[in-house]
Amino acid sequence: YGTRLGLEVLRRFPAGVRRAVLDSVVPPDVDWVAESPVNFEQSLDRIEAACDAQPRCQEVFGKLKARILALAATLDANPVTLTLQGGKKAPGDGTLFLELVHLAAYDPDGIAVLPEIVAQIEEGNLRVFARVVQLLVSGLVDRGMYFSVVCSDVTPLGSAEAARVRQAGVHPQLRTAADSAVIYEACRVW
């Protein structure tokens with residue numbers, strides 16, 4: 001959210017800013033809630049292409065996007081039980097797995113280990129899946145802050161219907177994992 005604030009400060013008070021470095025800028029007029037599933041699918045396509053361009057990665061982790069989607073379908077059909085810190089249990093389904101993949105796609109380090117994460121979960125090693133879920137439930141993402149910013153600054157730029165139209169070509173599982181319709185509905189009552 002910092003780049004949005006930085007852009008606004010630069011717009012309103014240009015004389016008060018000597019230098020600014022903004023990383024990962026989203027233009028203020030872009031409805032990134034609607035764009036999220038589209039961008040998620042494009043990210044997976046690019047990650048797969050980068051893996052396929054490296055013979056060893058392609059040999060070991062080839063068809064990464066198809067494997068991710070197949071694993072999500074398997075987890076939806078047969079959810080697993082994840083063991084969190086303190087012995088707490090949490091359900092792990094395909095949507096939650098795709099949320100993990102979506103988060104990993106935001107970070108170069110996450111992208112680098114994503115093929116291995118997929119392979120580990122395919123083999124039944126759920127430790128990394130449980131670690132990410134633990135981070136999510138421990139407050140890594142502050143939902144109140146998230147919805148405060150998104151509902152006041154982003155969703156007024158679009159609508160659930162416009163998002164559905166924009167996302168028409170996105171694989172249904174990826175639309176569900178980055179579900180902007182849920183965000184628009186939450187913001188309606190926020």
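1. A quick reminder to start with: a pocket here is an open set of grid points with protein on both sides within 12 Å along at least five of seven lines. With that in mind, the second largest pocket comes to about 180 Å³. Please remember that the model is predicted.

2. Who sits around that second largest pocket? Eleven residues line it, and those closest to its centre are Leu100, Leu103, Ala104, Gly110 and Val132. The helices α5, α6 (108-122) and α7 (127-137) each give two or more residues to this lining. By class, the lining holds nine nonpolar residues, one polar and one charged.

3. Now to the largest pocket, which has about 1,500 Å³ of space. It is lined by 32 residues, with Trp32, Ser36, His102, Tyr106 and Tyr146 the closest to its centre. Two or more lining residues come from each of α1, α2, α5 (94-104), α8 (143-154), α10 (172-177) and α11 (180-189).

4. Which element gives the largest share of the lining of the largest pocket? That is α2, with eight residues.

Definitions and conventions. Residues numbered from 1 in each chain as written. Predicted model: local features only at pLDDT ≥ 70, side-chain atom pairs only at ≥ 80, totals over all residues. Heavy atoms only, no water. 1 Å grid on protein atoms, 1.4 Å probe; cavity = no way out; pocket = protein on both sides within 12 Å on 5 of 7 lines; lining within 4 Å. Points joined across faces, edges and corners; volume = space filled by probe spheres on them. Helix = DSSP H or I, 4+ residues; strand = E, 2+ residues; numbered from the N terminus. Nonpolar A, V, L, I, M, F, W, Y, C, P; charged D, E, K, R; others polar.
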